[in-house]
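Subject: Handover of a two-chain model

Dear colleague,

Please find below the structure that I am handing over to you. My notes on it come after the display.

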Amino acid sequence: MTVSLEPGASAPRLATSPIAGHGFFQWLRAQWVGLDRWVLLVVGVSLLLALPVLTVFVTALQPAGAVWRHLADTVLADYVRNSLLLMLGVGVGTLLIGVPAAWLTSIHEFPGRRLFEWMLLLPMAIPAYIIAYTYTGLLDFAGPVQTALRESFHWSRQDYWFPEIRSLPGAVLMLALVLYPYVYLLARAAFLEQSVAVLEVSRSLGAGPWRRFHAVSLPMARPALIAGVSLVQMEALADYGTVQYFGVSTFTTGIFRVWYGMNDSIAAAQLAGLLLLFVFALLVFERFSRRLARFHHTGNRQFRPARLALRGRWRWLATLACLLPLLFGFLLPAGQLAIWAFRTAPRMMDGRFWHLLSHSLSLALGAALLILALALLLGYGQRLRPRPLARAAVRGAGLGYAVPGTVVAIGVMLPLAAIDRGVDGWARQWLGLSTGLLLSGTVMALLFAYCTRFLPVALHSVEAGLARIRPSMDDAARALGATPRAVLWRVHIPMLRGSLLTAVLLVFVDVLKELPATLILRPFNFNTLAVRTYELASDERLADSASFALAVVLAGIGPVILLSRAIGRSRPGYDAVS
Amino acid sequence: MAAGEVNVYSARKEDLIKPLLDDFSKQTGIAINLVTDKEETLLQRLQSEGVNTPADVLLTTDAGRLAAAQKAGVLQAVKSEMLAAKIPAAYRDPDGYWYGLSVRARPIIYAKERVKPADLSSYEALADPKWKGKVCVRSSDSIYNQSLVAGRISHDGEAKAEEWAKGLVANFARSPKGGDRDQIKAVAAGECDVTLANTYYLGGMVNASDEAEKQAAAKVAVFWPNAATSGAHVNVSGAGVTAHARNRDNAVKLLEFMASDAAQRWYAETNNEYPVNPAMPPSATLKAWGEFKADTLNVAKLGELNAAAVQLMDRAGWK
């Protein structure tokens, strides 16, 4: 997920290297010369990362069978409607939870504020499918809550109404509860960075706290909020585990139904292509609204005023507004998992647990570092050579984020197998030996899928970080006699540190939770905590899966805490305020 | 590694297969490498890997998928007297491309308190309006329901099967959701009176360590439908040797091991599935639910009709 630490983040343009000469041909030549290794590298890497998504598109170009007629007649309207409602619902839900919480913790003082600041990020560590399993166990008809109600009031089924958790609104709620931290994170960063001067001016002009919020702070934070919400919505569109378990038909469940159930991979790819159009519309909308609302702050180091201490009932209302998401998004589900784990762990934990843990952690760390390196490459490439071609390629590589993991996995599997076949055929013909499978079924394939899926997460952070390093700073450093290397080490690295850490940690947590691509592409005898959780849960042994689910959550908490501290440090004015 | 190795793609979950594979390794010294996943993606993986596939054996939980794998050309025929002797003809491919290894039945499960077994007769009769608001069923995304409907299409014809599905949908107590155990729990808790579920889920609940699951299982009973007609719907889990297996001999050894009496007993006792070998007794839990007439339709037919079944359920509004 993205964290642009600055609203309106996008790489600033540097003046292109001046090339002597006049006239059209010189201009053309300059463009051509401009296609140096940086541009080629950026475009090449982007295309490679977009390969899985492109594979899906190419598959979708083939003529479809009779399945579309059937889909249009029966379920397609449902898929579109449910996907749209899910996207909108999760967007609104995460805003309603994330923005007030961010506004309260960033500018106000109330009981528990210091704890909430970082604890509100905790739900991020819980995979959506796990929270869905947990709440179903708690709230469905046969669960403890409804059973207790029936027993204490002697009700039977017809006597009362209880909200159905396994429904579209239920899915919206589940996803909103684990995804709001992303909106919170971005909103908080935006509120913290808002110029004090602007707020002081509005205050001196007589604007009350509410008016300052909705007339000044909120509009200024809008680009960050839109960025956060659009990412959350992409996650919601790509979700499979939750909607499938809740029996809500969306594009993702439809893709699998058409592919597996009706055995039509082309129509499935076309459905996936349609899903990508949704995503594309979302991205265009995001870019468009950011362009409409871009604000710049004029200084970097600002003194922040003392927090506004809330009084009377407002204090407690603020505490409540922060406590509720934390309670329902983390404490309750994690508590339920702990209770189950306590009961089943002695039976379920064996020597394999440490293998699972080490596989999960090493995959997540390896992927995070690799993705960071790629994001840096693309980020710097674009900064050094801002060409529309390079930018378009990078945007294309970012589409993978909204594609369901399974689709990405198949998109990885097919081209890699083709490469393996090609190399093998060549070696057989010319060397008389078989090279077998070089890439398919290896950790490489898995890392490839992670890169496609999670690059945008890291890229957003890196781009936002780079945007804060104004070109004028580079120039100043160079003018003062620093070599390019010195500029990198003494200016860029210190200023980027927070963003880079954010990128690594976000990807780490995402890979830790990732399930479908891991399931499909992993090598022999290679399981992870998420895979083990899924195998048990899908075999309807929720309590047995709890130890492993809890391990995923616990392994994610450390990075999440680090993350909140990194963000605390990287904001301007941090030194000025304790 | 003197005895070599064998590489297995398994759609059976690790927990439900690993102990058996470990036994095999212990007895033969042949090492086993295992990947588990859904059968559809394993099949896709086999196809895209082609002649270079490392897999020697494909294990699935559904005969339809084995038939699909055979059609896709990723399996090879295996002749084995031992397998032919132990496994009845309805549960294996006539040419030996795949062999069933355990049988799973999907009968009607009802609430003992509210339903008299005399009121039940067949799958078809569940579409009767008298069951309005009393049927809980899992989503049509479930391969178990897809196979069951494919069976109905095969026996009753597509038009009648569709009419039946519409009637059944009209009787749903709630929109389909959850897994098989959830359906059984919903019946036990009184949300509905009858459901369709695979028996090993109920067996798992009967023998669960969790008190609540045990209590729920105690409130329901099994009814074997269609005793006078087609017999109860059954499917098999099974395995085939891949077309490009490098460890073919070891792969055949593994199949024979899984059809052996000891392994069949393990299937019965641990997973509460019915052994494919009719000479082997089912577990005590299964025995308590009585003998039943199983559908004799060759299970490969279920795979052929799968796409038709899914589309039929879409038309019937079975979510």
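Predicted model: local features only at pLDDT ≥ 70, side-chain atom pairs only at ≥ 80, totals over all residues.

Residues are numbered from 1 along each chain as its sequence is written, and chains are lettered from A and ligands numbered from 1 in the order in which they are written.

Confidence in chain A

The term pLDDT denotes the predictor's confidence in each residue, from 0 to 100. For chain A the mean pLDDT is 82, with 89% of its residues at 70 or more. Helices (H or I, at least four residues) and strands (E, at least two) are DSSP runs, numbered from the N terminus. Over residues 1-21 of chain A, pLDDT stays under 50, and the model has 65 contacts beyond four places in sequence for them. Over residues 571-578 of chain A, pLDDT also stays under 50, with 17 such contacts. Here two residues are in contact if their C-beta atoms, placed from the backbone, lie within 7 Å.

Chain B as a whole

Chain B comprises 14 helices and eleven strands. Its radius of gyration (taken over C-alpha atoms) is 20 Å, which agrees with the value near 20 Å for a compact globule of 319 residues; the globule rule is 2.2 Å times the number of residues to the power 0.38. The C-alpha trace of chain B spans about 65 × 40 × 30 Å along its principal axes. Of the 319 residues of chain B, 60% count as buried. A residue is buried if 20 or more other C-beta atoms lie within 10 Å of its own, exposed if 12 or fewer, and partly exposed in between, with C-beta atoms placed from the backbone. Of the contacts in chain B with a separation of 6 or more, 78% join residues 24 or more positions apart.

The two domains of chain B

The domain assignment (automatic or from a database) divides chain B into domain 1 (5-103 + 234-280) and domain 2 (105-232 + 298-316). Their centres, taken over C-alpha atoms, are separated by 27 Å. Domain 1 of chain B brings 18 residues to the contact and domain 2 of chain B brings 15. On the domain 1 side, the elements that give two or more residues are α3, β5 (99-105) and β10 (234-242) of chain B. Of these, α3(B) gives the most, with five residues.

Helix α3 (residues 63-71) of chain B is largely enclosed by the rest of the structure, because eight of its nine residues are buried. Among the buried residues are B:R65 and B:Q70. After α3(B) comes B:G73, whose phi is positive, near 80°.

Strand β6 of chain B

In strand β6 (residues 108-111) of chain B, B:I108 and B:Y110 point one way and B:I109 and B:A111 the other, and all are buried. Strands pair if DSSP finds at least two bridges between them. β6(B) pairs in the antiparallel sense with strand β8 (residues 194-196) of chain B over three bridges, and likewise with strand β9 (residues 220-223) of chain B over four bridges. The bridge partners of B:Y110 are B:V194 in β8(B) and B:A221 in β9(B).

Contact between the chains

In the contact between the chains, 40 residues of chain A meet 44 residues of chain B. The elements of chain A that give two or more residues to this side are α11 (241-246), α12 (251-261), α17 (405-430) and α21 (516-521). Of these, α17(A) gives the most, with seven residues.

Individual residues

A:H154 has a positive phi, near 55°, although it is a residue other than glycine. A:H154 lies in the loop between α7 (144-153) and α8 (168-193) of chain A, and counts as exposed because it has 7 C-beta neighbours inside 10 Å. Phi of A:N525, also not a glycine, is positive and near 55°. A:N525 is in the loop between α21 and α22 (529-538) of chain A.

With kind regards
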